[in-house]
Amino acid sequence: MNSFSSSFKKILVNLLIVIGLTALLGFLFLKVYLPFYTHHGETVTVPDLSGYRFLEASQLLKNTGLQYEVSVDSGFSADLPALAILKQIPDASSQVKTGRRVYLTLNARNAPLLKMPNLVNMPLKNVQEILSNIGLQRGDIVYVPDIGINVVLDQRYRGVSVKEGFEIPKGATIDLLVGDGMGNQLLFVPDLKGLEEEEAEFLILGSGLRLGNKNYSSTDSVASGRVFLQSPGPGMEVRTGELINIWISKN
């Protein structure tokens, strides 16, 4: 009987030791090892990298405790320098764990080439939208004597006439030669007051007239961004192709 009791006590003691060690190891794993391994509870704010050059952005991420990876696919923006950050994942201000990888999309070194569209014989009012849609900029508008009022007669890149299909870099500026339509026909000047800037320009060109100076000034008579004065005034008779100057509110 004493032998059985002694053996039982030993088993019980060993069992308690095993349970205690298991509990201790579990506690150390959850409270010490796991937080250390996963940086549990340690987060950083992803910085806004938009517009930064690559070297600047990579150093900023390193200082923040984050890693980075550059995407194979690049984009292009004529407004940013080569190798500037176009996109980042995760987004700026996101809360992430220390050591998280941030994926970067860079601005290409060279602009992609586009095929020049044919703008000749098109109304000037349609050209701006066409150029914007394919990633080109409208440059200078040079009026020349021609019966076609506000009709494109030639398209030029860096002073050289370019034909449809000619390859030019995205973001390039295209200058236009446009007919002035000067003749003996008389037109009535439309009333532009209260129109938004783009609406007024569209109406001027669509009326067979030309846009003159655009002036910006503070006024309480109309909302910001709208025409409050024009010269010549509404209803006046002018020749085809006459310049119309407008004043726009900038409250």
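Val142 is partly exposed, its relative accessible area being 39%. This value lies between the limits of 20%, under which a residue counts as buried, and 50%, over which a residue counts as exposed. The model is a predicted one. Val142 is located in strand β7, which spans residues 137-144. When neighbours within four places in sequence are set aside, the contacts of Val142 are with Leu176, Leu177 and Val178. Ala172 lies 30 residues from Val142 in sequence, and the C-alpha atoms of Val142 and Ala172 are separated by 18 Å.

Helix α4 comprises residues 197-206, and its buried residues are Ala200, Glu201, Ile204 and Leu205. Because these residues cover an arc of only 130° around the axis, they are placed on the same side of α4. In an α-helix there are 3.6 residues a turn, so residues three or four places apart point the same way. The packing partners of the buried residues of α4 are helix α3 (124-134) and the strands β7, β13 (210-217), β14 (227-231) and β16 (243-249). Glu198 and Gly206 are exposed, and are carried on the face of α4 that is turned away from the buried side. Just after α4, a positive phi of about 80° is found at Gly208.

At the level of the whole protein chain, 4 helices and 16 strands are present. The radius of gyration is 35 Å, whereas the globule rule gives 18 Å for 251 residues; the value for the protein chain is well over that of the rule, so the chain is more spread out than a compact globule. Along the principal axes, the C-alpha atoms fill a box of roughly 130 × 45 × 30 Å. Buried residues make up 29% of the 251 residues of the protein chain. Of the contacts between residues at least 6 apart in sequence, 70% join residues at least 24 apart.

The surface and charge of the protein chain were also computed. The side chains include 23 positive and 24 negative ones, and a distance of 15 Å separates the centres of the two sets.

Terms used:
Residues numbered from 1 in each chain as written. Heavy atoms only, no water. Helix = DSSP H or I, 4+ residues; strand = E, 2+ residues; numbered from the N terminus. Buried < 20%, exposed > 50% of the residue type's maximum accessible area, 1.4 Å probe, protein only. Contact = heavy atoms within 4.5 Å. Arc of directions from axis to C-beta. Rg over C-alpha atoms; globule rule 2.2 N^0.38 Å. Lys, Arg positive; Asp, Glu negative; His and termini not counted. Charge placed at Lys NZ, Arg CZ, Asp CG, Glu CD.
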